[in-house]
Amino acid sequence: MRKTDLMCTIPYFLLYPHTTMGVEGTMCKPNWIYKLENIIENLELMDEGKEPVRMMPYFPKNPGSIHTQGDNLISVGKLKYVDEKKFTLEILALPITTTPYYYTKTLMALKKASAIVSFSQLKTPKPKLTVTFSKANYIKHQRNPQNFYTTLKLVGILEETRLTALNGNYQRQEYRNSLEMLKEYYELRIEFYQRRPHIKTRTEAIETWKLDREELLKALPQSSPIRDTPEENIVPFTPI
């Protein structure tokens, strides 16, 4: 069997970020990762001849949220009311589009512009970043809590770019998004199944692949579902 006939049953390059060499021999650098269940759901849609649906990126270590806004994906941090008498909030998560280093510079600029009164990094066993507003500014923002996120620059646009891999012709290619990559992977996987002597049609290839996926998923370790712990006093954010 030739090397090109060996290809993984599921696209691992969308499950692990910044992979340098995928199991199927493809160079790949995704910006982020996607949930296995979303990938499987899209493969099943394509099995039925339907169009796959947009997948939301997955950042397991960031408690912020991802939303769609038109064609864009937006990353939103997380805020919590701490002390209404002192007009203070705690930043629980930053958007994926920034880092603690650059966000500190953002807060310094906001303080200089009098958008906030002060900010502090509390060095406790679990570091906390708090922000204090003036009374008038705090009350103004409370009328529409979403403005807290806007003022504090806790909303950023994510660009689903820099997805690069070796395509079916072993040429480096840039993909516009994860679905474009997934569609090409799907067709290539079907092509590889049809190279097998006992598989004559596309339908047989799809049915064989479905069985292989089922067997693989049974063999994968079953992780415990992650439950979100409800937190009190979270500042609400509703995408437009």
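Biologist: What makes Arg176 count as buried or exposed?

Modeller: The model is predicted, so local features need pLDDT of at least 70 and side-chain atom pairs count only at pLDDT 80 or more, while totals for chains, interfaces and linings use all residues. Residues are numbered from 1 along each chain as its sequence is written, and side-chain values use heavy atoms, with hydrogens and water left out. Buried means under 20% relative accessible area, exposed over 50%, and partly exposed in between, with a 1.4 Å probe and protein chains only. Arg176 has 63% relative accessibility and therefore counts as exposed.

Biologist: How do you know that Glu180 and Arg176 meet in a salt bridge?

Modeller: A salt bridge requires a side-chain nitrogen of Lys or Arg within 4 Å of a carboxyl oxygen of Asp or Glu. For Glu180 and Arg176 the N to O value is 3.4 Å, and the pair is assigned as a salt bridge. Glu180, at 25% relative accessibility, is therefore partly exposed. By this rule the count comes to eight salt bridges.

Biologist: What makes Glu48 and Lys50 another such pair?

Modeller: The closest N and O atoms of Glu48 and Lys50 are 3.2 Å apart, and the two form a salt bridge. Glu48 is called exposed because its relative accessibility is 54%. Lys50, at 46%, is therefore partly exposed.

Biologist: Why are Glu207 and Lys210 separated by about one helical turn?

Modeller: Helices (H or I, at least four residues) and strands (E, at least two) are DSSP runs, numbered from the N terminus. Glu207 and Lys210 are separated by about one helical turn because they are three residues apart in helix H6, residues 202–219. Their side chains meet in a salt bridge at 3.6 Å, N to O. Glu207 has a relative accessible area of 40% and is therefore partly exposed; Lys210, with 29%, is partly exposed.

Biologist: With which side chain does the side chain of Asp47 make a polar contact?

Modeller: A polar contact is a pair of N or O atoms within 3.5 Å; within protein, one must be able to donate a hydrogen and the other to accept it, and residues adjacent in sequence count only if both atoms are side-chain atoms. The side chain of Asp47 makes one with the side chain of Arg213, at 2.3 Å. For contact in general, the criterion is heavy atoms within 4.5 Å. Leaving aside neighbours within four places in sequence, Asp47 is in contact with Tyr186, Ile206, Lys210 and Arg213.

Biologist: What makes E5 and E6 a pair?

Modeller: Two strands pair if DSSP finds at least two bridges between them. Strands E5 (residues 78–83) and E6 (residues 88–93) have five bridges and pair in the antiparallel sense. E5 and E6 form a hairpin with four residues between them, and Phe87 in the turn has a positive phi of about 60°.

Biologist: Which residues touch the most other members of the largest nonpolar core?

Modeller: A nonpolar core is a set of buried Ala, Val, Leu, Ile, Met, Phe, Trp, Tyr and Cys residues joined through side-chain atoms within 4.5 Å. Among the 30 residues of the largest core, Leu14, Ile39, Leu43 and Leu182 touch the most other members. H5 provides the largest share of this core, seven residues.
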